[in-house]
Amino acid sequence: MRNPVMLSAGILGLSAPLLRRVYESGAGAVVTKSIGSRPRSGHPNPTVVAVDCGLLNSMGLPNPGVDEFSEEVRSLKRWGVTVVASIFGEEAEEYVEVAEKLSEAGADALEINCSCPNVREVGLLGQDPGMVEEVTRAVKGAVDVPVFTKLTPNVTRIGEVARAAERGGADGVTAINTLRAMAVDVETCRPILSNVTGGLSGPAIKPVALRCVWEVAESVEIPVIGCGGILTWRDAVEFLLCGASAVQVGTAIMYRGLGVFQEIIQGIEAYLRRKGFGGVEEVVGRAHGAA
Ligand SMILES: Cc1cc2nc3c(=O)[nH]c(=O)nc-3n(C[C@H](O)[C@H](O)[C@H](O)COP(=O)(O)O)c2cc1C
């Protein structure tokens, strides 16, 4: 990657031209929307609601299916975009089918989404260390590109799940996906999301995400990609200090537009200069040394 600030999965991630725009706005790599083996329409509206401290979504993994989406990946590669394909399934065989097709289409790496809180089978899979290990091992065995496993914060001990991914052969882990949450409309006296619950993202979850990255970094040797509520370069540096080697940015685009990538990258560079650090690697995990 040309820099350590990536787009996270599911935000502007379904079309090649949009992903290209994100890359051209400065992201080091883009992660696609999570793709499954077949087309899927997701949950009925309403699926997204802004809450005072972030965003609540219950999209239900809508996507065109791997065969159609492979064309988007091919376009991205023709345009020279560094692309991580996010994949999901209900069982290991489905993950493998999607992984094989998207890596053949040219994806530079794969991110296993076993952490979506809005699709029961996928959310449950990521809470079971045995399943996380099995799916990671199956995908790793099927492709030559690097494989990252994306972890859910909706577990008691995230370090254990990270270790399972590492045992399965993951080249890295991404932490975190969204937190299960809900919102209620006092006029209709009903939950706002059609799916009742959704996943919370944005500034509200940053302290939780930092704690997760900290615990994961203490549990595994493989690189950690930090994600959750990053809005500014300061947020990104906090994640690096907790042990992330790279970060992902999603909901911040809603608050700050695509300029957020340049702001964060330039902010990190200025921080490195001001503090006299030779590079990002000198910052990664530094907070653990002082603990
Ligand atoms: C509208 C929306 C859709 C998302 N879709 C996906 C997805 O398809 N796959 C996935 O792994 N994560 C998905 N996520 C989770 C994000 O990739 C990210 O983990 C989470 O939003 C926390 O980061 P943020 O606070 O920077 O947005 C989605 C998030 C949002 C807000």
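Residues are numbered from 1 along each chain as its sequence is written, and side-chain values use heavy atoms, with hydrogens and water left out. In this predicted model, local features need pLDDT of at least 70 and side-chain atom pairs count only at pLDDT 80 or more, whereas totals for chains, interfaces and linings use all residues.

The ligand sits in the largest pocket. A pocket is defined on a 1 Å grid over the protein atoms alone, as an open set of points with protein on both sides within 12 Å along at least five of seven lines. A molecule sits in a pocket if more than half of its atoms lie within 2 Å of the grid points. There are 22 residues around the ligand; a residue is near a molecule if one of its heavy atoms lies within 4 Å of it. Ala9, Ser34, Lys150, Gly229 and Thr251 come nearest. By class, the shell holds seven nonpolar, 13 polar and two charged residues. In this scheme Ala, Val, Leu, Ile, Met, Phe, Trp, Tyr, Cys and Pro count as nonpolar, Asp, Glu, Lys and Arg as charged, and the others, Gly among them, as polar.

Taken alone, the ligand exposes 610 Å², and the protein buries 95% of that. Accessible areas come from the Shrake-Rupley method with a 1.4 Å probe; for residues, only the protein chains shown count as cover.

Thr251, one of the residues that come nearest to the ligand, also pairs with Ser201. The two side chains make a polar contact of 2.7 Å. A polar contact is a pair of N or O atoms within 3.5 Å; within protein, one must be able to donate a hydrogen and the other to accept it, and residues adjacent in sequence count only if both atoms are side-chain atoms. Ser201 belongs to strand β12, residues 198-201. Helices (H or I, at least four residues) and strands (E, at least two) are DSSP runs, numbered from the N terminus. Ser201 counts as buried because its relative accessibility is 11%. Buried means under 20% relative accessible area, exposed over 50%, and partly exposed in between (1.4 Å probe, protein chains only).

Backbone geometry was examined next. Most residues other than glycine have a negative phi, and most peptide bonds are trans. A cis peptide bond joins Asn45 and Pro46, with omega about -5 degrees. Pro46 lies in the loop between β2 (29-31) and β3 (48-51). Another cis peptide bond links Ala175 to Ile176, where omega is about 20 degrees. Ile176 is placed in the loop between β8 (172-175) and β9 (179-181).

Positive phi values occur at Cys189 and Val196. Phi of Cys189 is near 60 degrees. This residue occupies the loop between β10 (184-185) and β11 (190-191). Cys189 is exposed, at 60% relative accessible area. For Val196, phi is about 70 degrees. Val196 is in the loop between β11 and β12. With a relative accessibility of 36%, Val196 counts as partly exposed.

Tyr23, in helix α1 (residues 16-24), is buried at 11% relative accessibility. Its C-alpha atom is 22 Å from that of Leu61, 38 residues apart along the chain. Val48 is in strand β3 and is partly exposed at 41%. Val48 and Ser58 are 10 residues apart in sequence, and their C-alpha atoms are 6.4 Å apart. Met131 is found in helix α5, residues 129-142. At 24% relative accessibility, Met131 is partly exposed. A C-alpha separation of 9.2 Å divides Met131 from Cys114, 17 residues apart along the chain. Gly226 lies in strand β13, residues 224-227. Gly226 is buried, with 0% relative accessible area. Gly226 and Ile11 are 215 residues apart in sequence and 16 Å apart in space, C-alpha to C-alpha.

Technical notes: 1 Å grid on protein atoms, 1.4 Å probe; cavity = no way out; pocket = protein on both sides within 12 Å on 5 of 7 lines; lining within 4 Å.
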